[in-house]
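Here are a few notes to read alongside the model. Take them one point at a time, and keep the 3D view open as you go.

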Amino acid sequence: MAELASLVQRLEVAVCRLEGMSSPGGGAGDSAGGAVSAYVEAYDEIVKGAVAQYLTLSQKIGGDVQKHADMMKQAFDCQRQILVTASNCKKPSDAVWKTILQPMSKVIGQVQEFHEKNRTSPFFNHLSAVNESVAALGWPAVVPKPGPYVKEMQDSAMFYTNRVLKDYKEKDKTHVEWVKAYINIWAELQLYIKKHHTTGLSWSKTGSVASATTPSAPVGGCPPPPPPGPPPPPMDIGGPCDSSGSSEDRSALFASINQGFLITKGLKHVSDDKKTHKNPNLRAKGVPGISGPKPFTSAPRPAAPTASASKKSPVLELDGKKWRVEYQNGVSDLAINDPELKQVAYVYNCSNSVLQVNGKINSITLDNCKKMAVVFSDVVSMVDIINCKDVKLQTTGKVPTISINKTDGCHVYLSEESLNCEIVTAKSSEMNILVPKDNDFVEHAIPEQYKTTWDGSKFVTNVMEMAG
């Protein structure tokens, strides 16, 4: 029997390959060396062009950028494997589809994990740009608008690609070309999706239904997903359909069902004085005679892990040229004293704390902080606020640029020397800038809503004034 099942499976795969050759958007079995489908060929052009350029420039930069790019190469290979499968076979069930997606999901997770483990990398902005947008490779699972989804992921990376351009525009053109190549990948992928997969991944209209064992193009670093485990054993529920029941019992059951509307003939009429929805007193007493399990009375849920299980140790230390202030909670006397001009401060995942920077420093970054306050004097480059909530900053000296991104609730107190500061915002709300006046501060809100109109030749965007 096992040999017969294996033979049937091989025959199904062969039929899938042959029928996929004549299907719209389908192609021959790529792993067999035949011609691939039109949309797989179009995808290969992106890999040979924009992706290859990105990989070459990443190798030229080297270090963590190259390592990250090697992982991205595996992700693109895994996506090609999915496209070959879809071009050959019909769409499978959700459970099988999830199994087919597993290899690519695993590589995407590795890309994001590499970013988290290398926060002290000199190329952290490069890693962050990739980290913010790598989820775009999940577009095959997006319905019905995979193209706009990729555009959204590309926009998420723009904040960090702009920072790379700012840091290297005058120093190293290789990094500028790297940004252009990386952005071009997503731009070309959007055009590709619009042409071949407008409302979702295009599956073959003929051929067998795809399975977790359907062979596709072998790709480096992306092994085919493992076959699903055996189905669970059938449950013994007994009753009229139990194989141990007699044929007479089953005949009686089907005869009863086949009565149609006459099946209700034997039911007794319930008078109004016995209906619970018309008698509140009956509802208060409950309905006697009903027993059995109550809904949602399964085994109790396991207790959630305590906060201490995942809590990390607080950090305040100088790591090379970077002051690391991490996982501080409820500390009001944090301080960085006498920093050097080449040093930077990176404040990560801190809450309900106050940090003072006593001295001139290159830059300050707040990342994923909540109810955090920072007081500083002079900053040479800029202050970045990313993924924060309810934070406050005060400068007693001069700061040229303050960037607020993906933040809800931010109060910035400027000094007289910092009134010429540039404030750049994106995807943020509840932002207020306070400027000194007569020994006090006057609060000014940063606009959050805009109106864009077409003037005949271009789009013009203006701040939307809210009445009331």
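1. A word to start with: a residue counts as buried when its relative accessible area is under 20%, and as exposed when that area is over 50%. With that in hand, look at helix H5, where Phe 124, Asn 125, His 126, Leu 127, Ser 128, Ala 129, Val 130, Asn 131, Glu 132 and Ser 133 are buried. That is 10 of the 10 residues of H5, so this helix is largely enclosed by the rest of the structure. What does the covering of the buried residues of H5 include? Helices H2 (38–61), H3, H4 (94–117), H6 (146–168) and H7 (173–196) take part, and so does strand S4 (344–348).

2. Now step back for the whole chain. Please keep in mind that this is a predicted model. The protein chain has 10 helices and 16 strands. Of its 468 residues, 39% count as buried. Among contacts in the chain with a separation of 6 or more, 42% come from residues 24 or more positions apart.

3. Next, the helix pairs. Two packed helices are described by the angle between their axes and the distance between the axes. Begin with H3 (residues 63–88) and H5 (residues 124–133): the angle is about 20 degrees and the axes are 9 Å apart. Angles under 35 degrees count as roughly parallel, and H3 and H5 are therefore roughly parallel to each other. The crossing of H3 with H5 is left-handed. On the H3 side the contact is made by Asp 64, Val 65, His 68 and Met 72, and on the H5 side by His 126, Leu 127, Val 130 and Asn 131. By class, the residues of this contact of H3 with H5 are four nonpolar, three polar and one charged.

4. The contact of H5 with H6 divides into six nonpolar, six polar and three charged residues.

5. Lys 60 is 114 residues from Thr 174 in sequence, yet their C-alpha atoms are 7.9 Å apart in space.

6. Thr 407 deserves a visit. You will find this residue in the loop between strand S10 (401–405) and strand S11 (408–413). Is Thr 407 buried or exposed? Thr 407 is buried, because its relative accessible area is 0%. Its side chain reaches the backbone oxygen of Asn 405 at 3.0 Å, and a polar atom of that side chain lies 3.3 Å from the backbone nitrogen of Cys 388. Leaving aside residues up to four places away in sequence, Thr 407 touches several others, including Ile 385, Asn 387, Lys 427 and Ser 429.

7. Finally, some backbone details to check. Most residues other than glycine have a negative phi, and most peptide bonds are trans. Lys 427 is not a glycine but has a positive phi of about 50 degrees. Lys 427 lies in the loop between strand S12 (422–426) and S13, and counts as exposed at 53% relative accessibility. Asn 439, also not a glycine, has a positive phi of about 60 degrees. Its place is the loop between S13 and strand S14 (440–445), and Asn 439 counts as exposed at 87%. As for peptide bonds, the one joining Val 143 and Pro 144 is cis, with omega about 10 degrees. Pro 144 is in the loop between H5 and H6.

Note on methods
Residues are numbered from 1 along each chain as its sequence is written. This is a predicted model: local features need pLDDT of at least 70, side-chain atom pairs count only at pLDDT 80 or more; totals for chains, interfaces and linings use all residues. Side-chain values use heavy atoms; hydrogens and water are left out. Helices (H or I, at least four residues) and strands (E, at least two) are DSSP runs, numbered from the N terminus. Buried means under 20% relative accessible area, exposed over 50%, partly exposed in between (1.4 Å probe, protein chains only). A polar contact is a pair of N or O atoms within 3.5 Å; within protein, one must be able to donate a hydrogen and the other to accept it, and residues adjacent in sequence count only if both atoms are side-chain atoms. Contact means heavy atoms within 4.5 Å. Axes are lines fitted to C-alpha atoms, for helices over the stretch in contact, and angles run from 0 to 180 degrees between N-to-C directions. Angles under 35 degrees count as roughly parallel, over 145 as roughly antiparallel, 65 to 115 as roughly perpendicular and the rest as oblique. A crossing is left-handed if the near helix is turned anticlockwise from the far one by less than a right angle, and right-handed if clockwise. Ala, Val, Leu, Ile, Met, Phe, Trp, Tyr, Cys and Pro count as nonpolar, Asp, Glu, Lys and Arg as charged, and the others, Gly among them, as polar.
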